[in-house]
Structure formats: C-alpha cells, structure tokens
Amino acid sequence: MDTEQPAARPANPRFSSGPCAKNPTYTLDKLADAPLGRSHRAAVGKAKLLAAIEETRDLLGVPADYRIGIVPASDTGAVEMALWSMLGARGVEMLVWESFGAGWATDVTKQLKLDNVQVKTADYGQLPDLASVDFNNDVVFTWNGTTSGVRVPNGDWIAADRAGLTICDATSAAFAQDLPWDKLDVTTFSWQKVLGGEAAHGMLILSPRAVERLESYTPAWPLPKIFRMTKGGKLIEGIFKGETINTPSMLAVEDYLAALDWARSVGGLKGLIARADANAGAVFDFCEAHDWIANLAGDPATRSNTSVCLKFTDARIKDGAAFAKAVAKRLEAEGVAYDVGAYRDAPAGLRIWCGGTVETADVEALLPWLDWAFNAEIAAQ
Ligand SMILES: Cc1ncc(COP(=O)(O)O)c(C=O)c1O
C-alpha cells in the first residue's frame, strides 16, 4: 500500500465550513479605515453600515424593493427574528434534511409550540419531497444544508403565486449559489460563511410580502427588543438603512466591506459561483476516480458547491466514525487541512469547504493527501 506523502501541500490549509477561510488577498491592514472608537450612529458609522447593505444588494442582485438589515447574533439571530416575528399567522411546513434545519424545526415545534406545523424530514444525503409542499403554508427551509452537503437544486419547486411566505436560511449558499429573489420572502446569511467575514452579525433580507406580514400580524407571544422589527404596526425602516437595533462591531463591518471589495475583484457573484464550482468540481472528480470515497449527497443535482460532504465506502473500514476522525486528525497534524471532520450530528466522514475564498490550487493540493491519509489509516487500523 502506498503511504508515501505527496510532495506539495496546500498554501492555505483552511477548509472550515465556518468561520470560513479569509479571501486570498486578506491582510489586517485592509481594516485600517474602520471607524474604531466612533459611534455607529455617527455619520461615518452609518455610512459604513449603509454601504454594507447596498453593496450586498448590488452583488447579490437583491431587488430594490426588498429590505436588507444587519441584525444581531449572526445567521441564527436573523433566522430566529423571522421565525418569532412572522410565524403563527398560517400553517407552517418545516423542511429538514440536516442539523440546522432540524434546529429550526425544534424552535417552531418545541419553543414556539405552534400546532399547525408539518415537519418534512429526509435523511442526511437526501432532500424531502419538495413537490409535496403546500405554499398556502409558510415554508421554512435551508437552501444549502451545511452539515449534509445537500442543497436544493433551484427555486423551481417554489410556487410563484404562493399565499404563505418562504423563509430561507441561505447562510452557506449566499455568494456561492444563485438565489431566486422572487421565490424568497425571508433570506438570511452570516458574514462568516462564503465571504470569509466575521461572525456575530446576521443579514436579514425581506420581500415586500414579508414586510406586509410584519405590519399586519402580531404574534401572540412577547418579542424581546432584539427581535422587534415594527413599532406601532409599522416597519422600523431605520433597521434596513443601517440603524442597527443594537451596537455592531465596526471592525466586523469593515471586514465585511473588505470582503465585498474582494468579491467584486473576482467578478462578483458570477465569479464567486465559478470559484466554488471549480473547487467542488475538483473534489467531485476525485470521488469519481476513487472507489473508497463518495459524496454524501445522493443526487448530483443536489450536491453542494460549498460544504462538500464525503463518506468513506471501503469495506475494510472497521469503525466508520473512528476511521473518519482519525483521517481528519492526520490531515490536520500534517498541516494540510484544518477542520474537515464531518459535523458532530452528521454521518461519519469529511466536509471540505469549497466556497469562493478557497483557492482551487489548494483543493487540488489537498486531494492527494486524502489518498495518503486514507491509506495510512487503513494500514494503521
Ligand atoms: C445552515 C446553517 N444555519 C445556521 C448556521 C448558524 O450560523 P451562525 O453561527 O452564523 O449563527 C450555520 C452555521 O454553520 C449553518 O450552516
């Protein structure tokens, strides 16, 4: 068995699925213009926050009549603001195929305790039956399941004339996959994912119909200040112009602005999608060429181009979980791949982040090391 080490190592071994790698041109002096020690409500702070919103709109092609807000508590904060503020007005369908979607279903069934809820679940690697969704209900789903590497292939399954709202956690899809804004009423993501920004702040994007829900429906439960988007039955418009609910980190804002700058330099959304596709494509090709490893996503149309999840399929493996952990440990110890173990609730395997901040040359340099670590671990079992 060949356990000789490959000659080359990735220049950057950061393949974590969040926080994700900084972009290849990143240096801390890109943050030199951060208005540190100034109020976020001073003109300079407000201008930065508004720029973060409007540049997001521009890069992602978000329609002019959609609101974009910077909210507390990263993607989780943005999703929970939407769930707590909007649900309960009509029936709800929760689409679940990995642990983050499962977490949102727990919020709705066990914390909000809504009774008119259907949870449609699929195993890791699959999608629930999207054709069965009734869009008279509000529908909550994750565009790209970060922990299973399964994404919805597109938005064709979402009714254009829906009566309910679609609430989409797109944190590992935004800036790597096309999001059809006309099909999405609430969309959330965090800076720490595809753009390799900092955590702590979430982005909440609302369609006009989502705003209408906020202005016409008051939930039966109390809402903490951190979730409140209306006052006297009207949307607090300031939130969507950079007047954040509470104090943001202006250092994190500057970091996000630098990430957006870099995104433009590689061709904007199109360029970012192409980079993620090239990275993921290299991993897909590797799986095709080796019979001991496979994509966890069953249907090729649903394979993520960001959080690529892999399973080991070799019959010689005795303890799948221990084997996968040991492979990830070898890769980390060699300094060729950090944080590539499967998510704690997911099936045993590896997860290699392929979003646009990762260089294809680094993915290509990593792949021979997978071969090496696999064979070394088979030999060591
Ligand atoms: C699909 C999905 N939803 C939510 C989260 C939580 O994101 P955050 O920690 O930024 O709130 C993650 C993080 O990995 C995720 O992948």
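The questions and answers below go through a predicted model, from its ligand to its salt bridges and cysteines.

Trainee: Which residues come nearest to the ligand?
Mentor: The shell around the ligand holds 13 residues. Those that come nearest are Ser 74, Thr 76, Thr 146, Asp 169 and Lys 193.

Trainee: How many polar residues does the shell around the ligand have?
Mentor: By class, three residues of the shell are nonpolar and three are charged. The polar residues of the shell number seven.

Trainee: Which helix supplies the largest share of the shell around the ligand?
Mentor: Two helices, α2 (74-86) and α3 (99-111), each supply at least two residues of the shell. The largest share is three residues, and the helix they come from is α2.

Trainee: How many salt bridges does the count come to?
Mentor: Side chains of opposite charge can pair when their charged atoms come close. The cut-off used here is a side-chain nitrogen of Lys or Arg within 4 Å of a carboxyl oxygen of Asp or Glu. By this rule, the number of salt bridges is 17.

Trainee: Why does the salt bridge of Lys 48 and Glu 254 tie together parts that are apart in sequence, and by how many residues?
Mentor: The closest N and O atoms of Lys 48 and Glu 254 are 3.0 Å apart. Lys 48 belongs to helix α1 (residues 43-60) and Glu 254 to helix α5 (residues 250-265), so the pair joins parts whose separation in sequence is 206 residues.

Trainee: Where does Arg 162, which pairs with Asp 185, lie?
Mentor: Asp 185 forms a salt bridge with Arg 162, with the closest N and O atoms 3.0 Å apart. The pair links distant parts of the chain, 23 residues apart. Asp 185 is in the loop between β7 (166-169) and β8 (186-190), while Arg 162 is in the loop between β6 (150-151) and β7.

Trainee: Which helix does Asp 185 reach through its salt bridge with Arg 209?
Mentor: The side chains of Asp 185 and Arg 209 meet at 3.1 Å, N to O. Asp 185 lies in a loop and Arg 209 in a helix (residues 208-216), so the pair ties together parts 24 residues apart in sequence; the helix is α4.

Trainee: Is Arg 209 buried or partly exposed?
Mentor: Asp 185 is buried at 2% relative accessibility, and Arg 162 is buried at 8%. The cut-off for buried is under 20%. Arg 209 has a relative accessible area of 26%, so Arg 209 is partly exposed.

Trainee: How many disulfides does the count come to?
Mentor: A disulfide needs two cysteine sulfur atoms within 2.5 Å. The count of disulfides is zero.

Trainee: What is the distance from the sulfur of Cys 287 to the nearest cysteine sulfur?
Mentor: Cys 287 is buried, with a relative accessible area of 10%, and Cys 354 is buried at 0%. Cys 287 is in no disulfide, and the nearest cysteine sulfur is that of Cys 354, at 10 Å.

Trainee: Which residue's backbone oxygen does the side chain of Lys 120 reach?
Mentor: Lys 120 is in strand β3 (residues 117-121) and counts as buried at 16% relative accessibility. At 3.0 Å, its side chain reaches the backbone oxygen of Ser 132.

How values were computed. Residues numbered from 1 in each chain as written. Predicted model: local features only at pLDDT ≥ 70, side-chain atom pairs only at ≥ 80, totals over all residues. Heavy atoms only, no water. Near = heavy atom within 4 Å. Helix = DSSP H or I, 4+ residues; strand = E, 2+ residues; numbered from the N terminus. Nonpolar A, V, L, I, M, F, W, Y, C, P; charged D, E, K, R; others polar. Buried < 20%, exposed > 50% of the residue type's maximum accessible area, 1.4 Å probe, protein only. Polar contact = N/O pair within 3.5 Å; in protein donor to acceptor, adjacent residues only side chain to side chain.
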